[in-house]
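Please find below a short note for a colleague who is opening this model for the first time. The points are meant to be followed with the structure in view.

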Amino acid sequence: MKIHEMNRLIAPLLVLASASLAPPIAAGRPRRRRPASHSLLRVRNNSPAAVNNVLTQYAQGLVQDQSANELASFVSPWVVTGVAQGQYKKYDDKQQFSVVETRRPLGVGRNEITFDATDPPFLCLTHGLQIGLDDYELEQAGLNASNAFPIKQAKVNQLVNTAIRSREKKVWDAVKGAVTATGGLGGWSSDSVDPIDQIDAQIEAIWSATGKMPNRIAMGLSAWVVIRKHAKVKSRKSGVNSTGLALGEFASMLLNPAIEVRIGTIPYDTAPRGTAKSTANVIGGEVFVFYAQDNPDTMDASFCKTFSPTGNGVSAVKEFRHEDIITKMAVDWTETVIVTSPICGNRITLS
């Protein structure tokens, strides 16, 4: 007998033998099935990100509402470069503010202002945040994809506010890291030390070194509380002192009465994730006196700048599906923050 014929005869016998050795199944008891997680492989179905125009308009409104509170763009205004990298003029000594001969003799070319080989480069870095909306969250709220806008608004609100707070902290960290406090100043807990005199001295020092009249002051809320309650400041105010002190009144007391004064009020959590919250003001007990242009470029002497190909930070909200169960909303921007003219800003730290 050939081998393949023998295998054909033996195979049914082996099947019967294995069946007789298997444990019996109780009557009426269904056969156990393998868990779905063992038998199925989740297939990711991610949709491409697309701009949600309605959420974008809502986000832009949030940014506009926060503009009075955030001081990142006040101390470091946007410079729209159109490109992600290039060069800028760094003003860090008095020679950069020197005058040049502009008279051109006949037959002789003009003097030219150019970027020197030592002028530093800027390189804009990518930034982005996203937040998820699980389909189950819609079920919990009694909503569905067709009427999910209210809960999407709440998500975008959290997304934009986190982006603004994070940028505020990043900008002020860059400023504080580049400019040290002027020594011997800020002891305003004493009634014998006049805050106005000390701030005026910083205004005059910047003007003397650069020829630029400082036109902006940024300070933390705690510094403003000390200033408005200080006896020497209150004594300068005409009329009844008990009515308090407005920012405009404070500015009118300074060497440059047209100077714009802004108070930083944005807090942040200093404690690590997973621990009890501990908040602090982003600027803190600091006063910064500086010069800035309203519409700076790569060449002007503004104290600090934010370089960006497009500017404005959060400009669009993108939306996409993730794994068929989560809607993601995201914001992206490109920027770099540089203190371009340290000599155009001074810092007072309260003690």
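**Notes on the predicted model**

1. Not counting residues up to four places away in sequence, Arg-262 touches Ser-67, Ala-68, Glu-70, Leu-71, Phe-74, Ile-217, Ala-218 and Met-219, where contact stands for heavy atoms within 4.5 Å. Arg-262 belongs to strand β7 (residues 260-264), helices (H or I, at least four residues) and strands (E, at least two) being DSSP runs numbered from the N terminus. With a relative accessible area of 19%, Arg-262 is buried; buried means under 20% relative accessible area, exposed over 50%, and partly exposed in between, for a 1.4 Å probe and protein chains only. The side chain of Arg-262 also reaches the backbone oxygen of Glu-70 at 3.4 Å.

2. On the basis of the note: this is a predicted model, in which local features need pLDDT of at least 70 and side-chain atom pairs count only at pLDDT 80 or more, while totals for chains, interfaces and linings use all residues. Residues are numbered from 1 along each chain as its sequence is written, and side-chain values use heavy atoms, with hydrogens and water left out.

3. Glu-286, in strand β10, is buried, with a relative accessible area of 7%. The side chain of Glu-286 makes a polar contact with the side chain of Arg-347 at 2.8 Å; such a contact is a pair of N or O atoms within 3.5 Å, where within protein one must be able to donate a hydrogen and the other to accept it, and residues adjacent in sequence count only if both atoms are side-chain atoms. Leaving aside neighbours within four places in sequence, the contacts of Glu-286 include Lys-176, Ala-223, Ile-348 and Thr-349. Lys-176 is 110 residues from Glu-286 along the chain, with the two C-alpha atoms separated by 9.6 Å.

4. Helix α3 (residues 53-66) has 14 residues and reaches 20 Å from its first C-alpha to its last, close to the expected 20 Å, the expected span being 1.5 Å times one less than the number of residues. Within α3, the residues Leu-55, Thr-56, Ala-59 and Leu-62 are buried. They cover an arc of only 120 degrees around the axis, which puts them on the same side of α3; the arc is that of the directions from the helix axis to the C-beta atoms. The face turned away from this buried side carries the exposed residues Asn-53, Gln-57, Gln-64 and Asp-65, while the cover over the buried residues of α3 includes β1 (50-51), α6 (149-178), β12 (318-322) and β13 (326-338). At the N-terminal end, Asn-52 caps α3 through a side-chain oxygen 3.1 Å from the backbone nitrogen of Val-54.

5. In the largest nonpolar core, which has 42 residues, Trp-172, Val-175, Phe-290 and Phe-303 touch the most other members; a nonpolar core is a set of buried Ala, Val, Leu, Ile, Met, Phe, Trp, Tyr and Cys residues joined through side-chain atoms within 4.5 Å. Helix α6 gives the most to this core, with 9 residues. A second, separate core of 22 residues includes Ile-196, Ile-199, Ile-203 and Val-261.

6. Two residues in the loop between β12 and β13 deserve a look: Glu-323 and Asp-324. Phi of Glu-323 is near 55 degrees, a positive value in a residue other than glycine, and Asp-324, likewise not a glycine, has a positive phi of about 65 degrees. Glu-323 is buried, with a relative accessible area of 16%, whereas Asp-324 is partly exposed at 42%.
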